[in-house]
Amino acid sequence: MDIIDAWVWWLIGAVGLGIPLVLTAMPEFGMFAVGAVAAAVVAALGGGVVAQVLVFVFVSVALIAAVRPIANRHRSDRPRLATGIDALKGRQAVVLERVTGDGGRIKLAGEIWSARALDAELSYEPGQQVDVVDIDGATAVVM
């Protein structure tokens, strides 16, 4: 019975680390798999066990240290897509019926909405442009 070379074990380990990468979508497993491939190269070139383990650890840690900050930066730079009522906040509307602190009607995003003024002492006349500052149930709060 032949003994399997160390580099083959490292490649088996790399494949083994690739499986949870695919199943969990955790990129760290991919970085460990690349470290295992690097260790397999060292083993194929005749490096000792200590050198193989050191290369595995060094490559894995270096990849995690380099890639994670870049990934976090890209994750935080993504624009947040506003949907539902959040997409209506900050938009402009046209007053259809006088809007006061008690109520009124506006045309917002092509639809007619009930509305009320943010400041109860103010009123807005038909044809006037207003800004939607909040949505309270089915009522737009405007200013």
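Student: Among contacts between residues at least 6 apart in sequence, what share joins residues at least 24 apart?
Tutor: That share is 48% for the protein chain. Keep in mind that this is a predicted model.

Student: OK, and how many helices and strands does the protein chain have?
Tutor: The protein chain has 3 helices and 5 strands. Going from the N terminus, the order is α-α-α-β-β-β-β-β.

Student: Is the chain a compact globule or more spread out than that?
Tutor: More spread out: its radius of gyration is 30 Å, well over the 15 Å that the globule rule gives for 143 residues. Along the principal axes, the C-alpha atoms fill a box of roughly 90 × 25 × 20 Å.

Student: What percentage of the residues count as buried?
Tutor: Of the 143 residues, 24% do. As for the surface, the chain exposes about 9,500 Å², and carbon and sulfur atoms supply 64% of that.

Student: Let's talk helices. Where does tryptophan 7 sit?
Tutor: Tryptophan 7 is in helix H1, which covers residues 6-24. Leaving out neighbours within four places in sequence, tryptophan 7 is in contact with Ala40, Ala43 and Ala44.

Student: How far is tryptophan 7 from leucine 45 in space?
Tutor: Their C-alpha atoms are 9.0 Å apart, while in sequence the two residues are 38 apart.

Student: Moving on to helix H3, which residues does it span?
Tutor: Helix H3 runs over residues 49-77, and serine 60 lies in it.

Student: Serine 60, then: buried or exposed?
Tutor: Buried, because its relative accessible area is 2% and the cut-off for buried is under 20%. Not counting residues up to four places away in sequence, serine 60 touches Met31, Phe32 and Gly35.

Student: What lies 2.8 Å from a polar atom of the serine 60 side chain?
Tutor: The backbone oxygen of phenylalanine 56 does.

Student: What about glutamine 52, is that buried or exposed?
Tutor: Glutamine 52 is buried too, with a relative accessible area of 5%.

Student: So what does glutamine 52 touch?
Tutor: Setting aside residues up to four places away in sequence, glutamine 52 touches Ala6, Trp10, Ala39, Val42, Ala43 and Gly47. Ala43 is also among the contacts of tryptophan 7.

Student: Switching to strands: in what sense do S1 and S4 pair?
Tutor: Strand S1 (residues 92-97) and strand S4 (residues 129-136) pair in the antiparallel sense, over 3 bridges. In that pairing, alanine 93 stands opposite valine 130 in S4.

Student: And how many bridges link S1 with S2?
Tutor: There are 3 bridges, and this pairing is antiparallel too; S2 covers residues 105-108. Across from valine 95, the bridge partner in S2 is isoleucine 106.

Definitions and conventions
Residues numbered from 1 in each chain as written. Predicted model: local features only at pLDDT ≥ 70, side-chain atom pairs only at ≥ 80, totals over all residues. Heavy atoms only, no water. Helix = DSSP H or I, 4+ residues; strand = E, 2+ residues; numbered from the N terminus. Contact = heavy atoms within 4.5 Å. Buried < 20%, exposed > 50% of the residue type's maximum accessible area, 1.4 Å probe, protein only. Polar contact = N/O pair within 3.5 Å; in protein donor to acceptor, adjacent residues only side chain to side chain. Rg over C-alpha atoms; globule rule 2.2 N^0.38 Å. Areas by Shrake-Rupley, 256 points an atom, 1.4 Å probe, with all protein chains shown as cover. Pairing = 2+ DSSP bridges.
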